[in-house]
Amino acid sequence: MLTSEIARVVVLGAGQMGAGIAEVCAAAGIAVSLVDVSTERATASKAGIEKRLARVVAKGKLDADTVRALLARIEPADASSYASADVLVEAATEQRDLKARLLVEADQGLPERALLLTNTSSLSVTWLAAQTKRPDRVAGMHFMNPVPLMKLVEIVRGLQSSAETLEAVKGLAERLGKTVIHSEDRPGFLVNRMLVPLMNEACFALEEGLGSAPDIDTGARLGLNDPLGPLELADLVGLDTVLAICEILHRDFGDDKYRPASTLRNLVAAGWLGKKTGRGFYRYDADG
Ligand code: NAD
């Protein structure tokens, strides 16, 4: 598939990543069907995109007509939209069985030549692809959070991903204004292999009483020149997602250095998932 032929994308999973992916696709002139567990959920996600863009307009960084046209390209939808899609980007919750089920359904609903891409942070793209009848047209397209602001897309090559598929994904990412890196299919790929152990180590430091959360984050901001400290970044990513990635690194490498910190498990068990639920390592008001 040529990148220029991509006219309609389904974004499956309309959470923080799915909303961002829908926005950048629509900004690039691509029609988007936004799908979640219900059309109500997808509609609420579109309302979130609208709210974010209203702030961008208020700051004078985009004009209202451009935003209106962008929003008109995003349609809250359901699985019936798969039949007319050129590409589906799966961005649902980081759970292996859930993603496998969603990819099987997508494989059945999509046109034969369509690409089936996953935004998974850590799961085996090869294994996910093997659940479908089009493993050559499956690849990882790993966006960074927040999608409209972060320049990087990590392209993950499953064992059976074809060269044409990888070329088309690269072209799509570039059409969205992103810079691409390539990773082989290993747990956590490149970015999360480096990042998630840092966030997990910060949790261990916190539970050992090595320093307070603000001191850990200030240490990383001012000592390492990171724009966000590891705990505030974990809150932004979502602690359920961070824990899921830790568990996958731990299980798939079979190495205890990746074992998740108890603090992380406890926060997730309490439903304090970070910014998206208003509480994680820190507390957040309605404006974040
Ligand atoms: P999120 O919790 O904000 O969103 C997940 C969405 O998936 C929710 O809207 C949920 O309703 C939806 N969902 C769950 N079951 C579904 C189903 N059966 N059908 C359709 N939708 C369903 O999570 P997120 O942060 O947007 O993460 C989504 C994916 O992106 C995960 O695979 C995650 O690992 C990956 N990712 C996350 C980040 C990050 O920083 N948060 C960065 C890169 C990649």
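**Ligand contacts and helix packing**

Mentor: Start at glutamine 16. One of its backbone N or O atoms lies 3.0 Å from an oxygen atom of the ligand. Keep in mind that this is a predicted model.

Trainee: Which side chain has an N or O atom 3.2 Å from an oxygen atom of the ligand?

Mentor: That of asparagine 145.

Trainee: What does the backbone of valine 237 do at the ligand?

Mentor: A backbone N or O atom of valine 237 sits 2.8 Å from a nitrogen atom of the ligand. That also falls within the 3.5 Å limit.

Trainee: How much of the ligand does the protein cover?

Mentor: On its own, the ligand has 830 Å² of accessible area, and the protein covers 89% of that.

Trainee: Which residues come nearest to the ligand?

Mentor: Asp36, Glu94, Lys99, Ser121 and Val237, out of 26 residues around the ligand. By class, this shell has 10 nonpolar, 10 polar and six charged residues.

Trainee: Which element gives the most to the shell?

Mentor: Helix H4, with four residues. Helix H1 (16-27), helix H4 (96-109) and strand S6 (138-143) each supply at least two.

Trainee: Which residues make the contact of H7 with H11?

Mentor: H7 brings Asn200, Cys203 and Glu207, while H11 brings Ser262, Thr263 and Leu264. They divide into two nonpolar, three polar and one charged.

Trainee: How do you know that H8 and H9 are roughly perpendicular?

Mentor: The axes of H8 (residues 213-223) and H9 (residues 230-237) cross at roughly 100° and come within 7 Å. That angle lies in the 65 to 115 degree range, so the label holds for H8 and H9 as well.

Trainee: Which residues meet there?

Mentor: Ala213, Ile216, Asp217, Ala220 and Arg221 of H8 meet Pro230, Leu231 and Glu232 of H9. Five are nonpolar, none polar and three charged.

Definitions and conventions
Residues are numbered from 1 along each chain as its sequence is written. This is a predicted model: local features need pLDDT of at least 70, side-chain atom pairs count only at pLDDT 80 or more; totals for chains, interfaces and linings use all residues. Side-chain values use heavy atoms; hydrogens and water are left out. A residue is near a molecule or strand if one of its heavy atoms lies within 4 Å of it. A polar contact is a pair of N or O atoms within 3.5 Å; within protein, one must be able to donate a hydrogen and the other to accept it, and residues adjacent in sequence count only if both atoms are side-chain atoms. Accessible areas come from the Shrake-Rupley method with a 1.4 Å probe; for residues, only the protein chains shown count as cover. Ala, Val, Leu, Ile, Met, Phe, Trp, Tyr, Cys and Pro count as nonpolar, Asp, Glu, Lys and Arg as charged, and the others, Gly among them, as polar. Contact means heavy atoms within 4.5 Å. Axes are lines fitted to C-alpha atoms, for helices over the stretch in contact, and angles run from 0 to 180 degrees between N-to-C directions. Angles under 35 degrees count as roughly parallel, over 145 as roughly antiparallel, 65 to 115 as roughly perpendicular and the rest as oblique.
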